[in-house]
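Here are my notes on the model you sent over. Have it open next to you while you go through them.

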Amino acid sequence: MTEHSAPSPNSHDNKQADALKEIRCVPFDVPVIDLMRGAARWELPVHEHGFIALVDVMPRLVAADQSADQAVVQAARLSYGLGTKSLSEDRGLNRYLMRHRHTTPFEMVEFKFHVAMPIFVARQWIRHRTANVNEYSGRYSVMQDRFYRPTIDMVRKQSATNRQGGEEAIDAATAEQFLAYLDRAESLYSEYIQLNEKGVARELARIGLPVNLYTEWYWKCDLHNVLRFLSLRMDAHAQAEIRDYATAMWRLMEPIVPITMEAFRDYEMESVRLTRLEVEAIRAGRAQIDSTNKREQAEWEAKRRGLGLDP
Ligand SMILES: Cc1cc2nc3c(=O)[nH]c(=O)nc-3n(C[C@H](O)[C@H](O)[C@H](O)COP(=O)(O)OP(=O)(O)OC[C@H]3O[C@@H](n4cnc5c(N)ncnc54)[C@H](O)[C@@H]3O)c2cc1C
């Protein structure tokens, strides 16, 4: 490839060629590949009507033997002035950055997802403020007839220990009653359509619809903040429905940034953070921490079980 491509007969190309006369275009110095293998999107279904699709990634073109992880170490090397190093050293540097929470190099990679999810999931998701979002407009367009219904075994009982959570499946009769309740809520959709047809503004007609209705958005976020999203939303404390999206998101990202995802698993997702009280209990060989807070004690007991400290 030369530094300046020849102008084509197309007027857009001519304008671009004019602009490029002033700009130094440096070609890739090695063969590059498209990390998404030429695909327009990589999509995974989530529940009956939802999906998450990866529609773009930056960088998308990388050297043939590399992944987008390369952009992380490239940024770090700029700040440390270390020059180009071998692939194994790249992996070591990536893992060092993750261990020591040097976060900005991970912001050099970006992911853009197209997601269809129930509104109650979107409300949790939107709290992650560092992303750029563009959502389907229920003022401009008619909402589609898509509602989330859990499978019967996913109709969960209120947790006795976690006020925000559900745990094992509730008895079959109550689960059936719950699904009938959803049927009645969803039946409002035909009235929504009628009211639209009678001329009620779409921005008002929609407000009687339930939050298990689906919405869609484009969600663009840098790697550092996507990882933060995953650590919160793949956690056992997150609601099962958003966890399913987060797990699918992980699967879409892994082939793009395999080294980062491995480091993230090793140093964040499957690591255990200890408090000062917990460190003191281990040092003193005590089974309990020096605290009267029941919740804190229970958290410590869960950590001890996870670490295999209790028989
Ligand atoms: C299990 C669970 C239960 C939850 N329950 C509730 C609840 O009951 N009620 C409720 O309201 N929320 C709840 N949340 C939402 C939670 O409090 C956070 O708002 C959400 O998880 C987003 O986290 P975040 O702020 O770290 O993410 P982001 O908004 O993506 O922010 C990432 C980081 O960027 C920085 N940042 C972002 N915006 C700013 C800013 N404007 N100024 C300075 N720094 C900024 C901060 O360091 C922040 O930690 C819950 C979340 C979880 C996972």
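1. Ground rules. This is a predicted model, so read it with its cut-offs in mind: local features need pLDDT of at least 70, side-chain atom pairs count only at pLDDT 80 or more, and totals for chains, interfaces and linings use all residues. Residues are numbered from 1 along each chain as its sequence is written.

2. The sheet. Five strands make up an open sheet, in the order β2-β3-β5-β9-β6, with antiparallel pairing. At the edges sit β2 (42-46) and β6 (132-135), each pairing on one side only. On average, neighbouring strands of this sheet are turned by 20° against each other, direction ignored. For the terms: helices (H or I, at least four residues) and strands (E, at least two) are DSSP runs numbered from the N terminus, and two strands pair if DSSP finds at least two bridges between them. The angle rests on axes, lines fitted to C-alpha atoms (for helices over the stretch in contact), with angles running from 0 to 180 degrees between N-to-C directions.

3. The β2-β3 hairpin. Five bridges join the antiparallel strands β2 and β3, and leucine 44 stands opposite isoleucine 52 in β3. The two strands form a hairpin with three residues between them. Have a look at histidine 47 in the turn: its phi is positive, about 60°, and it isn't a glycine. How exposed is histidine 47? It counts as partly exposed, because it has 19 C-beta neighbours inside 10 Å. The scale goes like this: buried means 20 or more other C-beta atoms within 10 Å of the residue's own, exposed means 12 or fewer, and partly exposed is in between, with C-beta atoms placed from the backbone.

4. Around β5. Strand β3 (residues 50-58) pairs with β5 (residues 110-118) in the antiparallel sense over seven bridges. Leucine 54 stands opposite phenylalanine 113 in β5, and methionine 58 has glutamate 110 as its bridge partner there. β5 is also joined to β9 (residues 214-222), by nine bridges and again antiparallel. Here phenylalanine 113 stands opposite tryptophan 219.

5. The peptide bond from methionine 58 to proline 59 is cis, with omega near 0°. Proline 59 belongs to the loop between β3 and β4 (61-63). Alanine 64 counts as exposed because 8 other C-beta atoms lie within 10 Å. Its C-alpha atom is separated by 5.2 Å from that of isoleucine 33, 31 residues apart along the chain.

6. Another positive phi. Arginine 101 has a phi of about 55° although it is not a glycine. Its place is the loop between α3 (87-99) and β5. With 10 C-beta neighbours inside 10 Å, arginine 101 counts as exposed.

7. In α10 (residues 258-269) you'll find threonine 260, which is buried, with 27 other C-beta atoms within 10 Å. Threonine 260 and aspartate 13 are 247 residues apart in sequence and 38 Å apart in space, C-alpha to C-alpha.

8. The ligand. Ten residues surround the ligand, the closest being Arg127, His128, Arg129, Thr130 and Leu232. To be near, a residue needs its C-beta atom, placed from the backbone, within 6 Å of the molecule or strand. By class, the shell has two nonpolar, five polar and three charged residues. Ala, Val, Leu, Ile, Met, Phe, Trp, Tyr, Cys and Pro count as nonpolar, Asp, Glu, Lys and Arg as charged, and the others, Gly among them, as polar.

9. Domains. The chain is divided into domain 1 (1-30), domain 2 (31-144 + 215-271), domain 3 (149-158 + 165-211) and domain 4 (278-307). These bounds come from an automatic or database domain assignment. The C-alpha centres of domain 1 and domain 2 lie 32 Å apart.
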